[in-house]
Amino acid sequence: MKPIKVGVLGLGTVGGGAVNVLTRNAKEIARRAGRDIVVTHASAKDLNKARICDTTDIVLTTDSFEIINNPEIEIILELMGGTTQAKELVFAAIENGKHVVTANKALIALYGNEIFAKASEKGVIVAFEAAVAGGIPIIKAIREGLSGNQIEWLAGIINGTGNFILTEMRDKGRDFADVLAEAQALGYAEADPTFDVEGIDAGHKLTILAAIAFGIPLQFSKVYTEGITQITRADVNYAEELGYRIKHLGIARKTQKGIELRVHPTLIPHRRLIANVNGVMNAVLVKGDAVGATLYYGAGAGAEPTGSAVVADVIDVVRALTSDPENRVPHLAFQPNAIVDIPVLAAEDIKTAYYLRLNAEDKPGVLADVTKILADQNISIEAIIQKEPLKGETSLPIIMLTQQTLEKEMNAAIAKMEALSTIIGKITRIRMETLG
Ligand code: NDP
Ligand code: HSE
């Protein structure tokens, strides 16, 4: 049988990694796919740039449409990123009857509903395993391995750059900016690294996970996102003293009232396995009604880990080429006509426990005022500690852990506490989850 020809758009970290995996493991891959798979064409912006993969036998171009319009190429790997030209190219590839494999979570989270509709109309596959959690086959696990379950919730460390920064800050006391620069040099960070540190990238990934877990449309605009830029070393240390670790989590939970979709720094008990996922590693906990809690762990970013996921999708596409397009695994796990628009809860309606850090003047009655405000909002305190002033400061840090409460109650309490003349500056609030 003739080899399958693949065209790669983008030869950077992921494109280079995918080409390396396809080339090095070509024989093993052919044994699995049933056909040889060959990268014949690739595009990049600068053809003179040094590449991490061997491009000797690949026709290179700066015009990706040459590849999209080449009738011999059956599978397109969109590994250039962004949502403008990448979107145009993916739609054009589908229109031309080509299957698409992408690592572009922004594209899928924002335009996936239209992309999958168009792909179904044209009978082609759009595969996106690499878009979430790098090398971890989490899409396949939820979409296929757990398809007998009702998924109750999932929670994951789904941004490698952010986890790398938090780990290096905690373990080595390094500065935020310094670690971010290293993550960029290692190829982990997004083209715009604010996507990593402000929770946007994790929000894109959570959008995708929630869609395949609950059978809902992709709806990034409804995800509550908060990044890691406000986390201080003091909070990391206080959390440790209380038996918790701060991780940046994406959480999707189905409740009686609707679905929670949120990305934010979270205190989790340090004994949990996921609390010990460090560096660029990612992990996703998925709770199904039948299977119970399951945990998936692996490299969340980087050339070959992500290349591994891209190549697995390519093999899946090749295996599915002879199958009836009507009977393939649905793009979003659920049959397109069975996707239900369950309401997504507003952030104010989410219930969780909290870590609070207040800076208080050293005066009698401050604690009484604070605890009264919390009691008036029906918020119960789980633990409270008063610390020594930080070096060079006179105010006393007060650390509190609360029981679960509605976010709107906590917002009201924080506003009242910040209005007290004895409370200095903004109150730090970090949500807590037991993930039990
Ligand atoms: P890089 O910046 O390393 O690579 C992007 C590649 O696309 C480069 O080769 C660049 O060319 C090429 N490119 C950009 N614009 C064009 C264009 N208009 N025409 C032709 N080629 C173009 O990005 P990554 O590999 O890191 O990321 C690619 C995608 O994978 C993104 O969607 C990202 O979110 C996703 N992803 C990244 C992961 C990672 O670990 N880095 C992990 C999982 C997903 P040139 O090299 O000449 O500049
Ligand atoms: N920038 C992303 C991360 C790449 O750091 O997780 C993998 O999706």
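The model is predicted, so local features are reported only at pLDDT of at least 70 and side-chain atom pairs only at pLDDT 80 or more, while totals for chains, interfaces and linings use all residues. Residues are numbered from 1 along each chain as its sequence is written, chains are lettered from A and ligands numbered from 1 in the order in which they are written, and side-chain values use heavy atoms, with hydrogens and water left out.

**Salt bridges**

- A search of the whole structure finds 34 salt bridges, a salt bridge being a side-chain nitrogen of Lys or Arg within 4 Å of a carboxyl oxygen of Asp or Glu.
- R170 and E240 are joined by a salt bridge with an N to O distance of 3.6 Å, and this pair links distant parts of the chain, since R170 lies in helix α7 (residues 160-172) and E240 in helix α11 (residues 233-241), 70 residues apart. Helices here are DSSP runs (H or I, at least four residues) numbered from the N terminus.
- R170 is partly exposed at 26% relative accessibility, and E240 is also partly exposed, at 28%; buried means under 20% relative accessible area, exposed over 50%, and partly exposed in between, with a 1.4 Å probe and protein chains only.
- D201 and K205 form a salt bridge in which the closest N and O atoms are 2.6 Å apart, and both residues belong to helix α10 (residues 200-214), where they are 4 residues apart, about one turn of the helix.
- Both partners of that pair are buried, D201 with a relative accessible area of 1% and K205 with 4%.
- K426 and E418 meet through their side chains in a salt bridge of 3.5 Å, N to O; K426 is exposed at 67% relative accessible area, whereas E418 is partly exposed at 24%.
- Salt bridges with shared partners also connect E168, K172, R174, D178 and E182 into one network.

**Domains**

- The protein chain is divided into domain 1 (4-135 + 303-338), domain 2 (138-298) and domain 3 (349-432), with bounds that come from an automatic or database domain assignment.
- The centres of domain 1 and domain 3, taken over C-alpha atoms, are separated by 50 Å.

**Helix α12**

- Helix α12 (residues 303-320) has 18 residues and should span 26 Å at 1.5 Å a residue, which agrees with the 26 Å between its end C-alpha atoms; the expected span is 1.5 Å times one less than the number of residues.
- The buried residues of α12 include A303, T306, G307, D313 and A320.

Notes:
Helices (H or I, at least four residues) and strands (E, at least two) are DSSP runs, numbered from the N terminus.
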